[in-house]
Amino acid sequence: MIEISNLVKNYGSKFAVDDISFKISKGEIVGFLGPNGAGKSTTMNILTGYLSSTSGVAKVGGIDILENPYEAKKIIGFLPEQPPLYMDMTVNEYLNFVYEIKECKLNRKKHLEEVRQVTKIDDVQNRLIKNLSKGYRQRVGIAQALIGNPPVIIFDEPTVGLDPKQIIEIRNLIRNLGHSHTVILSTHILSEVQSVCDRIIIINEGKIIADEKTESITQVVEDNRRYNVKICGPQREVLNTLKGISGVLSAELTGERELDSYTYLIESERGVDVRKPVFYAMSQKSWPIIGFEAVGMNLEEVFIKIMDKASK
Ligand code: ADP
Ligand code: MG
């Protein structure tokens, strides 16, 4: 459904996108994951015909977006990073306006009603867009992408700036769209792609560094066993005892202290659960453990792990 080959976009000597290729089949939900400046928006803007590429080919539904932008755009619904909303229109005026510029042929009343229902904006349909909250504006942006019922949906950072409740709602909405559409979304949040996508393409400095099923990236993340453990006791002795526990790969002080307790970061060997041994070792010395928390990986650490894995 989507095919990108050797795509390059440079601004002078700066390569925003540096020789990217991938294919996405019908019905997939693919996450484009990468830190700010990775090249996600540039790729999406090229794919949707908003930006020209320096070289390479982008095809949607077999249509070359550069050669045939008008035809290609018809099958794409796009939510750009900055949704193109007209603040002085009401939601309905705006949706009707989009319906017209897209030359939509579906039954207007019925289709717009459906779109409003899916995106849950029915109750604000007569409000001016400028008076809507960020969450509602984002939904109106999504609604505009859905008009015409395009088979391919492309969302650039759809949950940026939303509160946690709104984030969950938008993620559910995207997951539901995935049942009947091909979806690409970009994000710099690992848990977002994990919860929504079947497949993850990780992009960094304009290059693809991983393209895998979500499960295999999740495995890489879960492979990491690190804990912050808060223990009351003499710091040097506690540290030495921790280091002596079988299965503990490393232990160090985090610098965080609170009255008589210090927090230690411990890393365990692969496949070893050190939580019970740590508990027994500390209780033997009567050093109470008052906190035990798994430490998640951030995006940079995930990158390093994945690149390690790829180079092996
Ligand atoms: P992302 O969406 O992943 O945050 P972008 O695709 O927006 O990344 O940007 C990729 C890189 O290209 C960044 O380093 C950005 O500064 C650069 N870039 C994007 N647009 C322009 C432009 N119009 N002129 C110069 N550099 C740009
Ligand atoms: Mg971006």
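User: How are residues and ligands numbered, and which confidence limits apply?

Analyst: Residues are numbered from 1 along each chain as its sequence is written, while chains are lettered from A and ligands numbered from 1 in the order in which they are written. In this predicted model, local features need pLDDT of at least 70 and side-chain atom pairs count only at pLDDT 80 or more, whereas totals for chains, interfaces and linings use all residues; side-chain values use heavy atoms, without hydrogens and water.

User: What makes Ser 41 and Thr 42 polar contacts of ligand 1?

Analyst: A polar contact is a pair of N or O atoms within 3.5 Å (within protein, one must be able to donate a hydrogen and the other to accept it, and residues adjacent in sequence count only if both atoms are side-chain atoms). An N or O atom in the side chain of Ser 41 is 2.8 Å from an oxygen atom of ligand 1, and for a polar side-chain atom of Thr 42 the distance to an oxygen atom of the ligand is 2.5 Å. Both pairs therefore fall within 3.5 Å.

User: Which protein atoms are called donors of the magnesium ion, and why?

Analyst: Donors are N, O and S atoms within 2.8 Å of the metal (3.2 Å for Na, K and Ca); water is not among the atoms, so sites may look incomplete. Ser 41 (OG) and Glu 81 (OE) lie 2.0 to 2.5 Å from the magnesium ion, ligand 2. Ser 41 belongs to helix H1 and Glu 81 to the loop between strand E6 (76-79) and helix H3 (91-101), so the pair ties together parts 40 residues apart in sequence.

User: Why do Ser 41 and Glu 81 receive their accessibility labels?

Analyst: Buried means under 20% relative accessible area, exposed over 50%, and partly exposed in between (1.4 Å probe, protein chains only). Ser 41, at 17%, is therefore buried, whereas Glu 81, at 44%, is partly exposed.

User: How do you know whether Ser 186 is buried or exposed, and what does its side chain meet?

Analyst: Ser 186 has 0% relative accessibility, so Ser 186 counts as buried. Ser 186 is in strand E8 (residues 182-187), and a polar atom of its side chain lies 3.0 Å from the backbone nitrogen of Glu 157. Contact means heavy atoms within 4.5 Å; leaving aside neighbours within four places in sequence, the contacts of Ser 186 include Phe 32, Lys 40 and Met 44.

Methods: Helices (H or I, at least four residues) and strands (E, at least two) are DSSP runs, numbered from the N terminus.
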